[in-house]
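Reader: I am new to this structure and would like a close look at a single part of it, taken slowly. Please stay with that part first and then follow what surrounds it.

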Protein chains: 2
Amino acid sequence: MKRIDPRSGVAFTMRRGATLTVSDPQGQQVSDLVAYNRDDVREVISNGRTFDYEETIHLGWGNRLWSNRSNPMLTITNDTAQCHDFLLTPCSEQTFRHFYPDKPLHRGCFGNLVEALEPYGIGSDDIPTAFNIFMNVPVDGESGLLAVKPPISKAGDKIQLRAEMDLIIGLTACSAYDSNGGSFKPIDYSVSEIV
Amino acid sequence: MKRIDPRSGVAFTMRRGATLTVSDPQGQQVSDLVAYNRDDVREVISNGRTFDYEETIHLGWGNRLWSNRSNPMLTITNDTAQCHDFLLTPCSEQTFRHFYPDKPLHRGCFGNLVEALEPYGIGSDDIPTAFNIFMNVPVDGESGLLAVKPPISKAGDKIQLRAEMDLIIGLTACSAYDSNGGSFKPIDYSVSEIV
């Protein structure tokens, strides 16, 4: 396993058929994931297309994450946490100003993804709503109100996703206060050989 | 008022401070809305940023629709229907193949938006999850499951949105079967002078 330090991010490629494992080594930490077609980075994960085809906002074991061009990009093949979010965008300077005006400014997962993805020719306007692994965002079906709660993931919880095409992945250890219960922790990940 | 014919779409510009009125002349019809910064079309409405800042998935009177760059683009200043969706993407050839394999293929709101927005230099990969006016997508907060139900809008229901920057708007009369209760109807709209 490789480690993503607290409040940082990485980017890497993975081949179709390989499996990405993301684990929460200490528990209650969030990891924002974005994915692009390695051969054409204008194809990107889309929460709207995923909600359309999977017919749920709770993505877990067996669900697929779809692209803006209606192609499956990743299939969730294992999921011990069973609580993730695909509604909210990566935290950023602007969200820190909005939600934490009394806290030190930070570029957030958004800034970390921008830096990590820049070598792949991916710019800030190309960053979509992320698949927020282990993020706990309950939604009240009646009122529509949502809230960012501490994750329910425990130390060692993990999710595994199989690539359905050659991909560029951006992945973070989240920088925001609310999404990780007020502390900043690392995230571990690995990419399997193709079986 | 101008009319958008059933299963078609339009695009137009509006200035900061102007108000867009979208009305459902016959009731139970959906209109997909997308918005771009007129001076830089890489700035676009974002459901994720909107859910972040408005802290709800039910957008209505008083809520703002935010851009991917964390700027307010539109403010909802009137809303007689009180039921809209910002989770799902515009219907397209691919969604027709997926959801209506026995029905004639149609390019859907997505294809209509692509054609209408092409003169503004906006391409198919630039079309985000739309703000789906009058669309009725209940979400079960426990399971996360969603469903596309017939709209609850009645003939004459309307929504009004004030532009918070100079905008390019794409707007449709929806082409899908489920979102409009199985029939295809027009949508009316107008843009006010700036007051």
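Which are the buried residues of helix 1 of chain B?

Author: This is a predicted model, and the helix you ask about covers residues 47-54 of chain B, where 8 of its 8 residues are buried. The buried residues are B:N47, B:G48, B:R49, B:T50, B:F51, B:D52, B:Y53 and B:E54. What covers them comes from both chains, and includes helix 1 (47-54), helix 2 (93-99) and helix 3 (108-117) of chain A, together with strand 6 (64-66) of chain B.

The two ends of the helix can be described as well. At its start, a side-chain oxygen of B:S46 reaches to within 3.4 Å of the backbone nitrogen of B:G48, while after the helix comes B:E55, whose phi is positive, near 60°.

From here we can turn to the aromatic rings, of which 18 pairs are counted over all chains. In one of these, B:F96 and B:Y100 form a tilted pair, with 5.3 Å from centre to centre and 55° between the planes. B:F96 counts as buried because its relative accessibility is 0%, and B:Y100 also counts as buried, because its value is 10%. B:F96 forms an aromatic pair with B:Y177 too, and this one is edge-to-face, at 6.1 Å centre to centre with 65° between the planes. That pair links distant parts of the chain, since B:F96 belongs to helix 2 (residues 93-99) of chain B, whereas B:Y177 is in the loop between strand 10 (167-173) and strand 11 (187-191) of chain B, 81 residues apart. At 15% relative accessibility, B:Y177 is likewise counted as buried, and B:K103 lies over the face of B:Y177, at 4.7 Å from the ring centre. In chain A, ring pairs link A:F96, A:Y100, A:Y177 and A:F184 into a cluster.

Note on methods: Residues numbered from 1 in each chain as written. Chains lettered and ligands numbered in written order. Predicted model: local features only at pLDDT ≥ 70, side-chain atom pairs only at ≥ 80, totals over all residues. Heavy atoms only, no water. Phe/Tyr/Trp six-rings, centres within 6.5 Å; stacked < 30°, edge-to-face > 60°. Buried < 20%, exposed > 50% of the residue type's maximum accessible area, 1.4 Å probe, protein only. Helix = DSSP H or I, 4+ residues; strand = E, 2+ residues; numbered from the N terminus. Lys NZ or Arg CZ within 6 Å of the ring centre and 35° of its normal. Contact = heavy atoms within 4.5 Å. Polar contact = N/O pair within 3.5 Å; in protein donor to acceptor, adjacent residues only side chain to side chain.
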